[in-house]
Each structure stands twice: as C-alpha cells, then as structure tokens.
Amino acid sequence: MSNMAATGRKHLVRDFNHFITCYLCRGYLIKPTTVTECLHTFCKSCIVQHFEESNDCPKCGIQVHETNPLEMLRLDNTLEEIIFKLVPGLREKEEQQELEFWRKNQPKENGQTENTRCQRFRLPDAGGDVGGVGGDDGDGGADDDYHRSDPQIAICLDCLRNTGQSGESSVTDLMKRFIRCSSRVTVGTIKKFLSLKLKLPSSYELDVLCNGEIMGRDHTLEFIYMTRWRLHGENTYPMVLEYRPRIDFG
C-alpha cells in the first residue's frame, strides 16, 4: 500500500510543462523574462522579438508600455535554474546552440583584409585595468584568457565627431576599428578599452552610442544587440557602436 502511495506522488516533467514552456515558441523557457505589468513569462528572445511589432502582452493583450515595452521586462534567474534542474541536458544543449549561433554569425577571418580583421581584447582583471589587444603576432602567451568560451560578437567602433567641441582632436579613429569579444562585455569595459587605446587625458569621459542613443555603462553587448541594433531592423554585421568625448565642465 505504501509503495502504491509513493508511486502516486511521482511526477513527470510533462506535468510541469504548463509552467515552464513559452507561450510564443511552445518550447522550454530559455532566459525566462517576465512582463512586470501582468507577470507573464516568455523566452527572452521571443518576447523581445514580439515587442518589435507590438506593445501588448502576447498572452493577455494588456498594453505593457505606450512607447518602450522593453523597459517592463525582467529576467527570472530563479525560474531558469528550476527549469535547468527539471530538464536534464537542457542547459548544455542551449549553451552549445548559442555558441554555434555566434560562431556562424562571425565574419570569416580568412577572407578579410588586415584593416578589417577583428581583434580580440582581454577583459579587465580584478584591478580593473584593460588588458592588451591580441593582434596577429600571437603575443600574450598561452595562458591569456580571451573568454573564448563565451558567445562572441563582432563590433565596429566609429569615432563620432562633434563640431565646435573643444579638444575634439584628442578623440580620433582607432587604427583597427573592428574587434571581437565576449557578448557579455559591458559598455564600461569598452570605454576603458577606448581610453587606453586613444591615450585620453583624465579630463575626458566618453559616451558610447548605438543608433544615436547613449548606452548605459552596465549594458552588455548582447543586450545592445537585441534591444537596440536588431530592434531597429539593422541587418548589417558587425554591430556598429559610436563613441564621442563627453567633457566634464563641472
């Protein structure tokens, strides 16, 4: 009798599918993202793509935001961990698919000229200093970590000059404008990289823009790609970021 009762308490993964699948793609929730207005949860990529065409929740139809519904999204890391524990092998499968996606969307180095070839740059260490850029000479040693295990993204850094701004000549174009790095790199790290390469004085602070909008210091390149570059219908690759001096007059 006790064995029968114990058997009756067992649950299969499909018993929870209603709670851990996406309303839009019908697959398991990947990077679960909740709409704060109605608390409905979808895959991050699914809901971001939906909000390119609509400001309403796809499940209940409520208007999420009049102009920018992406502001009302929040990642649910706890739910993500629960799903990965419930579905064996899902985490590894998604990480592999993400790596393959970024690998397929990288420019092929063999066909590129020296001026357009992507560089790798090292992330800041614990002290906050930006490491050197790995060129074609192979220096840096075998122990350097370029975060190759992260999803990679290629970006182009263009200098945006503002006429009439004093000291403008201190901010110039990079010798190599194309770099490749982890998609988890933040705008703050990009600023450190630019300051180091351009040898900027301490009186300068840089703004980094995408499609004319100043990006926040904590924005990751993946976030910018999904919500600014791709959202505006840009199909060109790599993603273009612009930088310009911001002078502190205070």
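Trainee: From which domains does the lining of the second largest pocket draw at least three residues each?

Mentor: This is a predicted model. A pocket is read by asking what lines it. Here, domain 1 (13–95) and domain 2 (152–162 + 171–245) each give at least three residues to the lining of the second largest pocket. That pocket has a volume of about 320 Å³. Its lining has 14 residues, and the closest to the pocket centre are Thr33, Lys44, Arg74, Leu75 and Phe223.

Trainee: Which elements each supply at least two residues of that lining?

Mentor: They are H3, strand E3 (73–75), H4 and H7. By class, the lining of the second largest pocket divides into five nonpolar, four polar and five charged residues.

Trainee: What is the volume of the largest pocket, and which residues are closest to its centre?

Mentor: The volume of the largest pocket is about 850 Å³. It is lined by 24 residues, of which Ile30, Lys31, Glu94, Glu98 and Glu222 are the closest to the centre. Helix H3 (44–50), helix H4 (77–86), helix H5 (90–104) and helix H7 (221–229) give two or more residues each to this lining. H5 gives the most, with eight residues.

Trainee: What does UniProt list for residues 22–60?

Mentor: The unreviewed UniProt entry lists "domain: RING-type" there. In the model, the span 22–60 is 18% helix and 18% strand, and its end C-alpha atoms lie 14 Å apart.

Methods: Residues are numbered from 1 along each chain as its sequence is written. This is a predicted model: local features need pLDDT of at least 70, side-chain atom pairs count only at pLDDT 80 or more; totals for chains, interfaces and linings use all residues. Side-chain values use heavy atoms; hydrogens and water are left out. UniProt positions are given in the numbering used here, feature names are shortened, and annotations may be inferred rather than shown by experiment. Helices (H or I, at least four residues) and strands (E, at least two) are DSSP runs, numbered from the N terminus. On a 1 Å grid over the protein atoms alone, a cavity is a set of points where a 1.4 Å probe fits but cannot get out, and a pocket is an open set with protein on both sides within 12 Å along at least five of seven lines; lining residues have an atom within 4 Å of a point. Grid points are joined across faces, edges and corners, and a volume is the space filled by probe spheres set on the points. Ala, Val, Leu, Ile, Met, Phe, Trp, Tyr, Cys and Pro count as nonpolar, Asp, Glu, Lys and Arg as charged, and the others, Gly among them, as polar. Domain bounds come from an automatic or database domain assignment.
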